[in-house]
Amino acid sequence: MTGTACAPAVESACTALVRVAPAAVQRISVGTDTVVYRVRLDDGRRTIVKLFAAGRRHGAAEETRLLHAIAADGRIAVPGVVASGPVPGLGTTAVITTDAGSRTLGDAVRAGQMPQSAALVRLALLMNAFHSIAPPRGVRLAPCLSDQVSALARHCPRAVFAQLTTALEVIAQGVSQDRMVWCHGDLHLENAVLSATPAVTSGRSRLPERLVDFEATTLCVAEYDLAQTLVTCSVLEPADRLFLAAAYGRPVNLQLVTAFTAFQAVRGWTYAAQREGRHRALWAARMRQALSLDVRTERTAP
C-alpha cells in the first residue's frame, strides 16, 4: 500500500467527511472522471473512497442516492454508505462506503475457482434482480438511448458508425416505452464482488454478490444491459447470447440483443479505445466480432 501522502484528496475526503484520517491507501481503479481507493482508516475501518471530478454529470450525491435506493429495495446487496459530499478546497466530491471485499467474479474465474459459465449465470441473476427495482425519483440517469446514439455519431469515425446502420434500424423498431427497465449499464465480472460474509436479508431472497459501480445506470430495455454484459465479458458467440438470455430468465428479443451487442461494442471501442486509449486491441477484437454478427437472422424471443 502507498502512503497517504500519495493521495492528498483521499486524506481530505476522509478527515472532512468521516473525521478520521486514513492509515493506508491503495489506488484500485482510475476512470475518465473518477478514481477509486481502498482505504484503511485510523480507527481500523476498511472503506472504499470514490472521488468524482468536479462538474461531472454523475457525482457523489447521485451515487449515494442510488446506493440507498438499491439497499432499501433489498434484492441486491451493495456497499453501505459511510459518508459522502464535497471534498473541501478541491472541487471534487467523494463517496465513502464500506469495503465489500477485493475478490470479484472475474477473480474467481481467473483463479479457476468458478467456470465462466457459472459466473455469467450469477451476472444474469443479478441483472434480473436489478431490472426489478424501480429507479429512484430525482436521480440523474445516463443519457437516454437517442442521446447516446447522437453522441456516438459525433465521436465515432464515420466509416465505423456506418456499419451500425442495420443494428440501429432494429433497435429503433424494437425499443418500446412499455418494456423499459432500470439498467445497470455496465454489469460485468469485475463489478460483482464476492463478499467474505453473507449479506443480511430483510425479508427478500438476496444474491450473495455485492454489486458496485452505478455511473452508467439508465432506463432502457433489458436487451441493452444483456448486450453490454456480453461485450464487456467478451462472450460474443451466438451460443453465448442464448446462454445468457436463458440464465436471465425473462423473455427477450434475441435480434434486439444482437443489434445492441454491435451498438455497445462500437460505443466501447469509440470511447475506451479511441478517445481514452484503453485496451485498444481488446476493444478492436470485440468490435470486429460484434459487427460480424448477422442481426437479421434472429427474430424471435426464447
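Guide: Two strands are taken as paired if DSSP finds at least two bridges between them. In this predicted model, strand E2, residues 34–41, and strand E3, residues 46–52, run antiparallel and are joined by 7 bridges. Within that pairing, Val 35 is the residue that stands opposite Leu 51 in E3.

These two strands belong to an open sheet of 5 strands, in which the order is E1-E2-E3-E5-E4 and the pairing is antiparallel. Strand E1 (22–30) and strand E4 (81–86) stand at the edges with a single partner strand each, so one side of each is left without a neighbour in the sheet. From one strand to the next, the twist averages 20°.

Two helices can be followed against this sheet. Helix H1, residues 8–17, lies across E1, E2, E3, E4 and strand E5 (93–98), and runs at about 110° to E3. Helix H2, residues 60–73, packs on the sheet as well, where it touches E3, E4 and E5, and the direction of H2 makes about 30° with that of E5.

As for the cysteines, Cys 14 counts as buried because its relative accessibility is 0%. Cys 233 is likewise buried, with a relative accessible area of 7%. The closest cysteine sulfur to that of Cys 233 belongs to Cys 183 and lies 15 Å away, which is too far for a bond, given that a disulfide calls for sulfur atoms within 2.5 Å. The structure as a whole holds 0 disulfides.

Notes: Residues numbered from 1 in each chain as written. Predicted model: local features only at pLDDT ≥ 70, side-chain atom pairs only at ≥ 80, totals over all residues. Heavy atoms only, no water. Helix = DSSP H or I, 4+ residues; strand = E, 2+ residues; numbered from the N terminus. Axes fitted to C-alpha atoms, helices over the stretch in contact; angles between N-to-C directions. Contact = heavy atoms within 4.5 Å. Buried < 20%, exposed > 50% of the residue type's maximum accessible area, 1.4 Å probe, protein only.
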